[in-house]
Amino acid sequence: MTAPQRPDAVLSLGDVTLRYGAAAPVLAGVSLAIRRGEFVSLIGRSGSGKTTVLNLAAGFLGPSSGQVLIDGRSVRGPGPERAVIFQDDGLLPWLNVAANVALPLKLAGIGAEARRRVALDLLGSVGLADQGDKPIWQMSGGQRQRIGLARALAARPEFLLMDEPLGALDAMTRERMHGLILKLWRDSHAGALLITHSIEEALFLSTRVVVLTPSPGRITHEEKTLWGRRFLAGEDPRALRSEPEFIAARERLVDAIHAREAA
Ligand SMILES: Nc1ncnc2c1ncn2[C@@H]1O[C@H](COP(=O)(O)OP(=O)(O)OP(=O)(O)O)[C@@H](O)[C@H]1O
């Protein structure tokens with residue numbers, strides 16, 4: 001069945017080291033806790049280990065030392081309480097739009113009628129109410145990402161783990177997706193972990209931005225932010241982005257990302 005809903009669930013990495021084979025560690029001493037209702041963005045230079053952190057949280061990888069826990073229980077692999085969204089939407093071209101969204105429910109053994117109802121409802125919430133019977137190949141890149149989001153939410157996950165989900169989209173579509181992601185995050189009360197190369201996107205969407213610096217990957221800086229919540233409350237995103245505190249936070253994050261580059 002779908003995952004049980006625990007409103008206060010916490011997904012955490014505790015003092016995690018990760019080595020691929022015999023190579024030098026990619027991550028060392030990484031500790032990060034994501035509570036439901038939080039939106040954490042992970043930023044850092046290419047190769048700093050961001051995807052490795054997400055893969056650990058998803059249970060695709062196990063730590064070399066340290067722990068990955070949900071509510072104090074060891075994560076031993078992927079689970080329905082954690083949905084993962086990649087840049088490559090992973091939709092199945094031989095299924096129509098609604099069947100793609102309903103796929104996690106089918107895997108959970110839920111009957112055809114109930115899962116179609118949930119899928120159409122979710123498609124409505126991502127602005128694709130009338131598209132359920134269309135083939136995937138008729139969907140644009142932005143529509144495919146929205147279908148991927150709807151599918152990720154179908155099993156009512158406690159955590160949404162997103163690895164550059166908007167990377168392939170044009171700037172306008174990306175902006176529209178920001179509002180949608182924030183609304184879905186708020187309504188599902190999921191804990192979110194987003195990997196992005198855009199500092200602005202991180203500041204705008206998150207409740208907390210975390211910087212990973214490489215060789216080995218360590219968390220060296222954190223910023224608490226509230227711009228996304230203010231946008232959801234009705235404030236103009238352009239005005240929020242031009243606030244002096246937004247610009248100052250962006251500068252601090254740029255400095256943190258490049259802090260050890262000269263060393
Ligand atoms: N399966 C693997 N086997 C060996 N090395 C790996 C593997 N996956 C990642 N690495 C190495 O680990 C380091 C961190 O990679 P990772 O993909 O986590 O970084 P990233 O910060 O997400 O990078 P990017 O921003 O470029 O996507 C890199 O040096 C990479 O080459």
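Predicted model: local features only at pLDDT ≥ 70, side-chain atom pairs only at ≥ 80, totals over all residues.
Around the ligand we find Tyr20, Val26, Gly44, Ser46, Gly47, Ser48, Gly49, Lys50, Thr51 and Thr52. By class, this shell holds 2 nonpolar, 7 polar and 1 charged residues.

I now move to the protein as a whole. Its secondary structure consists of 9 helices and 10 strands. Along the principal axes, the C-alpha atoms occupy a box of roughly 60 × 45 × 35 Å. The radius of gyration is 18 Å, and this agrees with the value near 18 Å that a compact globule of 263 residues would have. Of those 263 residues, 41% count as buried. If we take contacts between residues at least 6 apart in sequence, 71% of them link residues at least 24 apart.

Next, the division into domains. Domain 1 comprises 1-27 + 36-81 + 160-263, while domain 2 covers 92-156. Their centres, taken over C-alpha atoms, are separated by 25 Å. To the contact between them, domain 1 contributes 15 residues and domain 2 contributes 13 residues. On the domain 1 side, the largest share, 5 residues, is supplied by helix 5, residues 171-188. That side of domain 1 has 11 nonpolar, 4 polar and no charged residues.

Nonpolar side chains in soluble globular proteins tend to be buried together. Here the largest nonpolar core contains 74 residues, and those with the most contacts inside it are Ala57, Val101, Leu123, Ala154, Leu160, Leu161 and Leu193. Because domain 1 and domain 2 both give residues to this core, it lies between them.

Where does Val101 make its contacts? Leaving aside residues up to four places away in sequence, Val101 touches Ala119, Leu122, Leu123, Ile147, Ala150, Arg151 and Ala154.

Val101 is also one of the buried residues of helix 2. Is helix 2, residues 97-107, mostly covered or mostly open? It is mostly covered, with 8 of its 11 residues buried. Besides Val101, the buried residues of helix 2 include Val97, Asn100, Pro104 and Leu105. Among the elements covering these buried positions are helix 3, at 112-125, and helix 4, at 141-154. Just after helix 2, Gly109 adopts a positive phi of about 85 degrees.

Note on methods
Residues numbered from 1 in each chain as written. Near = placed C-beta within 6 Å. Nonpolar A, V, L, I, M, F, W, Y, C, P; charged D, E, K, R; others polar. Helix = DSSP H or I, 4+ residues; strand = E, 2+ residues; numbered from the N terminus. Rg over C-alpha atoms; globule rule 2.2 N^0.38 Å. Buried ≥ 20, exposed ≤ 12 C-beta atoms within 10 Å, placed from the backbone. Contact = placed C-beta atoms within 7 Å. Core = buried A, V, L, I, M, F, W, Y, C linked by C-beta atoms within 7 Å. Domains from an automatic or database assignment.
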